[in-house]
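Please look over the sequence and the three-dimensional model shown below.

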Amino acid sequence: MKNLICPICSEPLEEMGGSCLCRNRHCFDRARQGYLNFLAGNHKSGSQIGDNRDMALSRRAFLEKDYFAPLCDDITDYLREDGKARPFIVDICCGEGYYGSRIKDRLDCEMAGFDISKEMIRLACSRKKDIEYFVANISRIPLRDECADFLLHLFAPFHEKEFRRITKPDGRIISVVPGENHLFELKEILYALPYKNDGKPPETSELILAEAQQITYEMHLKSTEDILSLFRMTPYFYHTDEAGKNKLSQYGELKVTADFMVYIFQK
């Protein structure tokens, strides 16, 4: 892929057989599933970086039900209305590939996606073979300067310097964060004092906030499995005791608010 650079020396990478190689002979082999692993040092061979396989499978199980499809379709419409011919889109912290693959099915574009979790990237590769997937750290994205027309930044850390570096002068960063009432009904079950999210845009001095939009709708979770899969996708999973988790298991269905803030940034 023409936009890939070496994460060690920033030189362009060239495909050679089943590997990518830079002029300084730094070499990165493709995994059997097709992705490249750009994590160096102690992280390179570790499989416990980022979300583990159970978490990755829970995320896929939930997203496969298309509960978040309205959000993805709204983003796709925005990309289509922009009118760029075959834009290059980078899916930041892409997870198991739901959003990127759905957009790729509906839009003529080039796409790359990365995540720090090897398990997430393995699942993403099983969705789409025509997306360049790689394992990488958000603080050192192995893509050349000003290559991307759009960055998709959904529920992930915000690294303004790297985002600005890889975005074209007329490019856009589409950032999605939970709105105030996102999954509030879930928190009412889990916590004695449920709280609302702040819904604020990521803080940045490197980028300009150009647009903002709220997307809100009701999700009808139709099984205990769906409820628990959603729960495992959230930060609440790590901050809830066993008693709280057991409460959710008692529900066979649940109506929950999906509330997203979509922020569009530019240079």
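The description begins with the basis of the model and then turns to its parts.

The model is predicted: local features need pLDDT of at least 70, side-chain atom pairs count only at pLDDT 80 or more, and totals for chains, interfaces and linings use all residues. Residues are numbered from 1 along each chain as its sequence is written, and side-chain values use heavy atoms, with hydrogens and water left out. Helices (H or I, at least four residues) and strands (E, at least two) are DSSP runs, numbered from the N terminus.

Strands of a sheet pair through backbone hydrogen bonds, either parallel or antiparallel. Two strands are taken to pair if DSSP finds at least two bridges between them. An open sheet of 3 strands has the order E1-E2-E3, with antiparallel pairing. Its edge strands are E1 (14-16) and E3 (27-29), each of which pairs on one side only. Strand E2 (residues 19-21) is joined to E3 in the antiparallel sense over 3 bridges, and cysteine 20 has phenylalanine 28 in E3 as its bridge partner.

Another open sheet consists of 8 strands in the order E4-E7-E6-E5-E8-E9-E11-E10, and its pairing is mixed. At the edges stand E4 and strand E10 (208-221), each with a single partner strand, so one side of each is left without a neighbour in the sheet. E4 and E7 run parallel and are joined by 2 bridges; here asparagine 37 stands opposite valine 135 in E7. E7 is also joined to E6 by 4 bridges, again in parallel, with glutamate 132 in E7 as the bridge partner of alanine 112. E6 in turn runs parallel to E5, with 4 bridges between them, and valine 90 stands opposite alanine 112 in E6. Further along, 6 bridges join the parallel strands E8 and E9, where leucine 154 stands opposite valine 176 in E9.

Burial can now be considered, a buried residue being one under 20% relative accessible area, an exposed one over 50% and a partly exposed one in between (1.4 Å probe, protein chains only). In E6, 5 of the 6 residues are buried. From E7, Glu132 and Phe134 point one way and Tyr133 and Val135 the other way, and all are buried.

Which helices are enclosed by the rest of the structure? Helix H4 (residues 118-127) is largely enclosed, because 7 of its 10 residues are buried; among them are Met120, Ile121 and Leu123. The cover over these buried residues includes strand E4 (36-37), helix H1 (53-63), strand E6 (110-115) and strand E7 (132-135), contact meaning heavy atoms within 4.5 Å. H3 is likewise largely enclosed, since 7 of its 9 residues are buried, including Tyr98, Tyr99 and Ile103. The buried residues of H3 pack against H1, helix H2 (69-82), E5, E6, H4 and strand E8 (148-154).

About 920 Å³ of space lies in the largest pocket, a volume being the space filled by probe spheres set on the points, which are joined across faces, edges and corners. Its lining has 40 residues, of which Arg59, Leu154, Phe155, Ala156 and Met233 lie nearest its centre.

Note on methods:
On a 1 Å grid over the protein atoms alone, a cavity is a set of points where a 1.4 Å probe fits but cannot get out, and a pocket is an open set with protein on both sides within 12 Å along at least five of seven lines; lining residues have an atom within 4 Å of a point.
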